[in-house]
Structure formats: structure tokens, C-alpha cells
Amino acid sequence: MPSPKPSPVPSPKPVPSPAGPPAPPVLAEVVRSGFVEGRHRGSLVLLGADGAVQLALGDVTSPVFPRSANKPMQAAGVLRAGLELSEERLALAAASHAGEPFHRDLVRTLLAEHGLTAEQLRCPPDLPLDPVEREAYLAAGGVRDRVAMNCSGKHTAMLAACALRGWPLESYLDPGHPLQRLIHTVVEDAAGEPVATVGTDGCGAPLAAIGLTGLARAFRSFVRAEPGSAERRVADAMRAHPEYVAGSRRHDTWLMREVPGTLAKTGAEAVQAVALADGRALAFKVEDGGARSLGPVLARALALLGVASPVLDRVGRSPLTGGSREVGEVRAAF
């Protein structure tokens with residue numbers, strides 16, 4: 001008796017994919033030996049001197065976490081709380097410092113001036129951010145330390161403001177703390193938009209999410225603020241002492257030193273905001289957080305804003321090596 005024929009197996013029906021947002025545009029290409037081996041996508045906005053949008057690539061209105069690009073606004077918050085800081089100390093309050101000796105020394109000085117100790121800081125113990133300084137620090141027997149952490153200046157200023165006002169010290173990072181509520185207001189005032197959500201930054205501080213256009217507006221508002229205002233004092237301190245904001249080998253320092261009147265601040269996950277003295281401004285975020293793309297994208301964005309300076313070549317250089325020789329680069333793609 002013949003075997004019955006097997007029933008045909010039905011072909012699976014395709015499952016429709018839910019429509020998602022379009023992929024962000026490519027901001028940078030990774031080129032090795034003349035071959036494009038990778039791409040960094042992201043969103044970027046340029047503002048003219050009048051504050052109008054000149055160029056928008058990708059989504060420049062949906063909220064992002066600016067990470068440490070929010071630090072100027074956090075520093076303005078401690079001033080609004082009544083804390084008085086000299087220019088170097090105020091620049092350090094807005095810093096993602098490299099952990100060089102002069103950074104660590106000023107953090108310790110600032111703590112002592114306000115009757116505080118490093119043990120009261122709630123930023124995590126860490127090594128210096130700058131790779132060159134990190135090697136020297138470890139070679140000298142250094143260990144992870146709260147003072148060496150790149151956000152220690154901000155945390156010290158926050159604690160000092162709380163001590164001045166009689167606000168609780170142990171809970172200074174709680175989003176409901178009076179200082180953090182004040183900083184929240186500063187962010188909204190500067191960005192010209194409501195904070196979309198509040199997260200937690202890598203240092204443990206509350207992190208306000210705003211759009212890239214709002215971030216660019218915020219930086220523009222700082223350089224255009226009235227002299228003597230909290231916002232203008234922060235901008236002036238950062239521009240006068242950029243080595244305290246970043247370090248000896250960081251592009252924020254190079255820009256603020258070599259393009260007069262520029263306010264610049266990088267944030268983790270490849271966020272950057274810049275405002276020029278006349279109100280031109282930019283903000284961008286590389287979607288994958290690839291820091292190697294940050295310099296090339298920044299240099300190209302500044303060039304499109306009309307900045308002409310030899311420092312752009314230095315900022316925009318991101319070479320790739322093969323063995324011990326240079327074989328490619330990360331380059332802007334817009």
C-alpha cells in the first residue's frame with residue numbers, strides 16, 4: 001500500500017514590522033585604507049546669530065540627555081542659590097575636568113574653604129579622565145578617588161551651596177532637593193522649553209532631558225546674558241579659564257582659548273554644545289555615543305557656522321592607525 005503523501009507545510013506569513021522613526025543621518029564616516037568601514041549617525045542643529053535655525057540634521061527637537069553639556073546650567077544654579085565663587089572656582093563648578101594636579105588641588109581647596117570633606121561628595125571614586133594624566137596618576141600610586149572624578153568640581157559647588165543655605169547635605173542629589181529644583185528651573189529658563197524627563201547622570205546627579213535646539217538656545221542665552229547675571233558669570237568664567245573646564249589636552253579648552261568669546265562644553269555619549277560670542281550656536285549628539293566622531297563633527301559644524309581658525313584642524317583630527325602608522329581617519333560626512 002503506498003505511503004500517504006505528506007501534507008504541504010504552509011509557508012509562514014510575513015510579520016509586518018512596526019514603522020519606526022527614520023534612521024538619523026550619517027554625521028561621520030570611519031575610513032580605513034580608503035575603505036569606509038563604519039558610520040556614525042546622529043542629529044545636529046545650527047543657530048544663526050539671531051537664534052533662528054540655520055541647519056537641522058535629524059531630529060533636533062525630541063529630548064536627549066545632554067549629559068555634562070548641562071553643567072553650565074548647573075553652575076548657574078549654585079550661583080542663583082547664593083554661592084559666591086571666584087572665576088577659576090566657577091569654571092571648575094562647570095567642569096568635566098581631566099583630573100590634572102591643578103584640578104584636584106582646587107577641588108580640595110574649595111572643599112576646605114567651605115568646611116567640607118571629600119567623603120561628603122557623592123560622585124563615585126574614579127581615575128583621572130585624561131589618558132595621559134591617568135597613566136601618570138597610576139604610576140605615582142594613585143587610586144580611584146572622588147576628587148579625581150571629572151565631576152568633583154560640580155559636586156563640591158553643589159555641596160557648598162547647600163551648606164550656605166542650610167539645605168540638607170546628604171540628600172543634595174535628590175531631584176526633589178531645593179538645589180536640584182532650582183537647577184531644574186535654570187535649565188528650563190535657558191533652553192526655553194520644559195524639561196521632558198529627569199534621569200540620573202553617570203556622576204549620580206539629576207540629569208534634565210531637553211532637545212538639541214533647546215540645548216543650543218541655552219548656550220546662546222549664556223553668552224548673550226546681561227553682564228553680572230548668573231548665566232553670564234558662568235560663561236565668562238568658563239571662557240576665561242577653559243583649562244579648569246576641561247584640561248590641557250581637551251578640545252573644549254582649545255576652542256575657548258583660540259576662538260575668542262566661544263563657550264564650549266562636551267557631554268558623555270558624544271554630545272556637544274557651543275555658542276559663539278555673537279549668538280551663533282550649535283548642538284549635536286552622535287547616536288551611538290562614539291567619542292572618536294565628536295571632533296570631526298564639531299569642526300565641520302563650526303566651519304558651517306562660518307568659523308575660520310587653525311584650531312578646527314586640530315579639533316577635527318581623528319586618525320586611525322594600522323600597526324604604528326596612520327592608515328585612515330574619522331571624517332565628517334555632511
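1. In the hairpin of β1 and β2, 2 residues lie between the strands, and Ser-33 there takes a positive phi near 55 degrees. Helices (H or I, at least four residues) and strands (E, at least two) are DSSP runs, numbered from the N terminus. This is a predicted model, in which local features need pLDDT of at least 70 and side-chain atom pairs count only at pLDDT 80 or more, while totals for chains, interfaces and linings use all residues. Residues are numbered from 1 along each chain as its sequence is written, and side-chain values use heavy atoms, with hydrogens and water left out.

2. Strand β1 (residues 26-32) pairs in the antiparallel sense with β2 (residues 35-47) over 6 bridges, where pairing requires that DSSP finds at least two bridges between two strands. Glu-29 has Arg-39 in β2 as its bridge partner. β1 also pairs in the antiparallel sense with β12 (residues 325-332), over 5 bridges, and Ala-28 stands opposite Ala-332 in that strand.

3. Because 5 of its 7 residues are buried, β1 is largely enclosed by the rest of the structure; buried means under 20% relative accessible area, exposed over 50%, and partly exposed in between (1.4 Å probe, protein chains only).

4. Helix α5 (residues 152-165) includes Ser-152, which is buried with a relative accessible area of 0%. Leaving aside neighbours within four places in sequence, Ser-152 is in contact (heavy atoms within 4.5 Å) with residues including His-97, Val-107 and Leu-121.

5. In α5, 11 of the 14 residues are buried, so the helix is largely enclosed by the rest of the structure. Just after α5, Gly-166 takes a positive phi of about 75 degrees.
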